Amino acid sequence: MTVLERLEQRTGESRGIGFTIRTMEVFDQRGVLRRLGPIETATAGHFGGLPLDLGVLGAAHRAARTVPQSVTEQALEGWARELGADIRRGQEVQALEDTGDGVTVTVARGDNREILRARYLVGCDGGRSTVRKLAGFDFPGTDATTEMLLADVRGVELEPRMSGQQIGNGFLMVAKLPGGIHRLIVGERGIAPRRRTGPPPFSEVADLWKRLTGSDISHAEPVWVSAFGDAARQVTEYRRGRVLLAGDAAHVHLPAGGQGMNTSIQDSHNLGWKLASVLAGHAPEALLDTYHSERHEVGRRLLVNTRAQSQLILGGEEAQPLREALSELLQYPNVVRHLAAKASGLDIRYDVGGGTNPLLGRRLPHLPLTTGARRTSSTELLRAGRGVLLDLGDNARLRDRATPWRNRVDVVTGTADPEHALPGGTTAALVRPDGHVAWAAPGSHQDLATSLTRWFGPAT
Ligand SMILES: Cc1cc2nc3c(=O)[nH]c(=O)nc-3n(C[C@H](O)[C@H](O)[C@H](O)COP(=O)(O)OP(=O)(O)OC[C@H]3O[C@@H](n4cnc5c(N)ncnc54)[C@H](O)[C@@H]3O)c2cc1C
């Protein structure tokens with residue numbers, strides 16, 4: 001795998017500052033968490049500024065707070081290099097051609113041009129994606145109507161307001177980041193986004209802060225200043241021939257509830273194993289179409305929830321009745337669970353074929369297990385990035401049926417602790433490398449061999 005990044009150096013910018021519960025699970029499944037160092041976690045979340053207890057989900061992980069995106073990028077880059085990825089910095093994609101059997105990419109490196117050939121090209125090149133434009137993807141949606149200013153600063157002591165606060169004619173958010181840095185986000189209603197060619201000066205942030213709060217922060221030392229808006233767009237297809245899109249290249253939205261980077265990571269997590277399987281000659285190319293059908297719907301719902309949150313956060317007095325109505329609904333445990341699952345990336349259910357088993361299409365929760373004399377867990381079993389057929393009923397016939405896929409799927413017989421029994425009386429589950437359940441017994445309409453073929457290619 002070759003990664004082309006136009007920047008010579010990492011920027012050190014930290015847009016995303018946290019992980020959803022699902023990202024924590026996925027990083028644990030791949031053994032990446034330890035690379036990130038100590039992580040502060042919390043159960044407090046919010047939906048459009050209304051407090052939400054994520055603890056009700058009872059997940060093994062909590063959401064992570066205050067991990068700078070630059071730290072995440074560095075950890076993922078180090079891991080990718082160890083796995084053999086060829087990461088080339090200072091190389092900009094400028095042109096591409098899908099030739100049907102591959103993609104030709106023109107790359108600029110300073111004054112030099114190089115032509116590369118790849119079997120597939122994945123555009124992970126952000127909200128202004130060059131790959132998206134060159135490959136002719138449609139990107140419908142709405143332009144930004146409001147601009148927010150962001151400053152990471154040293155030298156001021158401010159009370160954290162992670163869920164944000166309505167104040168005067170605007171709103172603000174304060175988060176404490178590592179290294180004595182505070183993140184401030186401020187916005188004022190009715191001010192249309194400006195055309196900018198660079199980041200705003202810190203004085204603009206300090207002026208707006210003073211207008212809204214009355215306090216002076218102009219003496220603070222800015223570490224990073226930026227502006228962003230509430231534009232909301234999504235491509236109509238995630239794959240065109242041999243070109244695919246992931247992350248902000250496929251969807252942009254207000255970073256409400258800190259979901260953009262997390263959804264982008266989940267896009268890649270969904271696509272990576274499918275691409276690897278097709279390239280290895282196991283699965284047919286059609287497997288890549290499930291990347292679109294699964295992740296486009298997730299992105300569509302992401303835009304719905306961030307647009308709804310935009311109205312709660314950016315709306316003024318006129319949004320107060322909406323906030324009150326939603327606050328009333330949040331007295332009901334089921335409403336809290338529903339929104340907490342949405343904010344945590346745990347509400348996703350892919351179409352893996354019909355059935356009554358409640359796990360079908362959902363992510364397998366962390367499941368402590370005993371296999372033989374060994375203590376392990378579903379999380380640990382997924383570390384190899386392969387499929388796992390989990391046999392919780394010591395079922396020899398089931399194991400036999402999976403034998404022709406053993407080069408792609410690990411078959412594990414184990415016993416779950418009684419207090420962690422899976423829902424629906426589940427005695428067996430076929431888990432994809434991304435941790436989603438593709439088949440489960442009892443209750444799958446498809447038989448095991450059909451599911452194995454669909455997700456891992458024909459028997460060998
Ligand atoms: C203020 C703010 C706060 C945010 N907070 C959160 C948060 O708390 N949690 C969260 O989950 N998300 C958050 N987000 C969103 C998050 O930062 C993005 O969703 C995430 O960075 C998307 O990752 P990406 O890899 O798709 O794109 P990017 O991070 O934009 O990366 C794209 C990369 O492609 C490179 N590139 C671009 N064009 C080319 C080219 N032609 N050739 C080669 N390389 C190219 C760029 O240099 C860049 O390194 C926030 C965003 C903002 C603006």
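This note goes through the domains, sheets and selected residues of a predicted model.

1. Basis of the values. The model is predicted, so that local features require pLDDT of at least 70 and side-chain atom pairs count only at pLDDT 80 or more, whereas totals for chains, interfaces and linings use all residues. Residues are numbered from 1 along each chain as its sequence is written, and side-chain values use heavy atoms, with hydrogens and water left out.

2. Domains. The protein is divided into domain 1 (2–137 + 233–344), domain 2 (147–229) and domain 3 (368–456), with bounds that come from an automatic or database domain assignment. The C-alpha centres of domain 2 and domain 3 lie 49 Å apart.

3. The sheet S8-S9-S10. Three strands form an open sheet in this order with antiparallel pairing; strands are DSSP runs (E, at least two residues), as helices are (H or I, at least four), numbered from the N terminus, and two strands pair if DSSP finds at least two bridges between them. Strand S8 (92–98) and strand S10 (112–118) are the edge strands, each pairing on one side only, and the twist averages 20 degrees from one strand to the next, where axes are lines fitted to C-alpha atoms, for helices over the stretch in contact, and angles run from 0 to 180 degrees between N-to-C directions. Strand S9 (residues 103–109) pairs with S10 over 7 bridges in the antiparallel sense, and Val-107 has Glu-114 in S10 as its bridge partner.

4. Arg-242. This residue is found in the loop between strand S19 (239–240) and strand S20 (243–245), and at 12% relative accessibility Arg-242 counts as buried (buried means under 20% relative accessible area, exposed over 50%, and partly exposed in between, with a 1.4 Å probe and protein chains only). Leaving aside neighbours within four places in sequence, the contacts of Arg-242 (heavy atoms within 4.5 Å) include Asp-98, Gly-100, Arg-119 and Glu-285. A polar atom of the Arg-242 side chain lies 2.9 Å from the backbone oxygen of Gly-100.

5. His-61. The loop between strand S5 (50–53) and strand S6 (63–65) holds His-61, which counts as buried at 18% relative accessibility. The side chains of His-61 and Asp-28 are joined by a polar contact of 2.8 Å (a pair of N or O atoms within 3.5 Å; within protein, one must be able to donate a hydrogen and the other to accept it, and residues adjacent in sequence count only if both atoms are side-chain atoms). Not counting residues up to four places away in sequence, His-61 also touches residues including Ile-21, Met-24 and Leu-33.

6. Aromatic pairs. The structure holds 3 aromatic pairs, for which rings of Phe, Tyr and Trp (its six-membered ring) need centres within 6.5 Å, planes under 30 degrees apart counting as stacked, over 60 as edge-to-face and the rest as tilted. The rings of Phe-19 and Phe-27 have centres 5.2 Å apart and planes at 80 degrees, so this pair is edge-to-face; Phe-19 and Phe-27 are buried.

7. Backbone points to check. Thr-66, in the loop between S6 and helix H2 (69–82), has a positive phi of about 55 degrees although it is not a glycine, and counts as buried at 10% relative accessibility. Asp-394, in the loop between strand S24 (387–391) and helix H10 (396–402), has a positive phi of about 45 degrees and counts as exposed at 55% relative accessibility. The peptide bond from Ala-441 to Pro-442 is cis, with omega near 0 degrees.
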